[in-house]
Amino acid sequence: IDAMVERMTGITRQLKTFARKAEAAHAPVSLARAISGARLLLEHRLQAEQVELLVHVDEALLVRCEPNRLEQVLINLISNAIDAMQAAAVK
């Protein structure tokens with residue numbers, strides 16, 4: 001139960017961050033952190049579809065952007081990849 005509550009807390013926190021109004025200013029954003037946030041929001045779908053998401057990004061890599069928009073783009077890319085793989089045969 002404790003693990004589930006912690007997981008739900010993390011997802012809720014990420015959803016709140018994701019739902020906030022995008023900031024107008026661009027700032028240095030950790031790409032690894034943005035990918036981690038997107039992965040957290042898609043974790044259930046990744047598990048349901050039995051998709052393994054491998055990420056090889058330097059933790060120190062920063063990109064200048066609006067954090068929420070970057071995460072939205074990553075969520076869309078990962079979702080599209082999952083959709084595309086549904087039709088692929090499992091090897």
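**Helix packing and loop contacts in a predicted model**

In α2, the residues L31, A34, I35, G37, A38, L41, L42, R45 and L46 meet a set in α3 made up of L70, E71, L74, I75, I78, S79, I82, D83 and Q86. The structure is a predicted model, and the protein averages a pLDDT of 84, with 88% of the residues scoring at least 70.

**Overall architecture**
- The secondary structure of the protein consists of three helices and two strands, and these elements follow the order α-β-α-β-α when read from the N terminus.
- Of the 91 residues in the protein, 25% are buried.
- When contacts between residues at least 6 apart in sequence are considered, 88% of them join residues that are at least 24 apart.

**Confidence along the chain**
- Helix α1, which spans residues 2-19, has the lowest mean pLDDT among the elements of the protein, at 74, while strand β2, covering residues 62-65, has the highest, at 93.
- Where pLDDT is low, predicted coordinates should not be read in detail.

**How α2 and α3 pack**
- Helix α2 (residues 31-48) packs against helix α3 (residues 67-86) at an angle of about 45°, and the axes of the two helices are 9 Å apart.
- The arrangement of α2 relative to α3 is therefore oblique, because angles from 65 to 115 degrees would count as roughly perpendicular and those under 35 degrees as roughly parallel.
- The crossing in which α2 passes α3 is right-handed.
- S79, whose place is in helix α3, is one of the α3 residues that meet α2, and its contacts, leaving aside neighbours within four places in sequence, are with L42 and R45.
- S79 has a relative accessible area of 14%, so this residue counts as buried, the cut-off for that class being under 20%.

**The loop between α1 and β1**
- Both A25 and H26 are found in the loop that connects α1 with β1, a strand that covers residues 27-30.
- A25 is in contact with C65 and E66 once its neighbours within four places in sequence are left aside, and the C-alpha atom of A25 is separated by 9.6 Å from that of R64, a residue 39 places away along the chain.
- H26 touches R64, C65 and E66, not counting residues up to four places away in sequence.
- From C-alpha to C-alpha, H26 and V63 are 9.3 Å apart in space, although 37 residues separate them in sequence.
- H26 counts as partly exposed because its relative accessibility is 47%, which falls between the limits of 20% for buried and 50% for exposed residues.

**The loop between α2 and β2**
- Q50 lies in the loop between α2 and β2, and its phi is near 55°, a positive value in a residue other than glycine.
- Most residues other than glycine have a negative phi.
- With a relative accessible area of 75%, Q50 is exposed, since that class begins over 50%.

Definitions and conventions: Residues are numbered from 1 along each chain as its sequence is written. This is a predicted model: local features need pLDDT of at least 70, side-chain atom pairs count only at pLDDT 80 or more; totals for chains, interfaces and linings use all residues. Side-chain values use heavy atoms; hydrogens and water are left out. Axes are lines fitted to C-alpha atoms, for helices over the stretch in contact, and angles run from 0 to 180 degrees between N-to-C directions. Helices (H or I, at least four residues) and strands (E, at least two) are DSSP runs, numbered from the N terminus. Angles under 35 degrees count as roughly parallel, over 145 as roughly antiparallel, 65 to 115 as roughly perpendicular and the rest as oblique. A crossing is left-handed if the near helix is turned anticlockwise from the far one by less than a right angle, and right-handed if clockwise. Contact means heavy atoms within 4.5 Å. pLDDT is the predictor's confidence in each residue, from 0 to 100. Buried means under 20% relative accessible area, exposed over 50%, partly exposed in between (1.4 Å probe, protein chains only).
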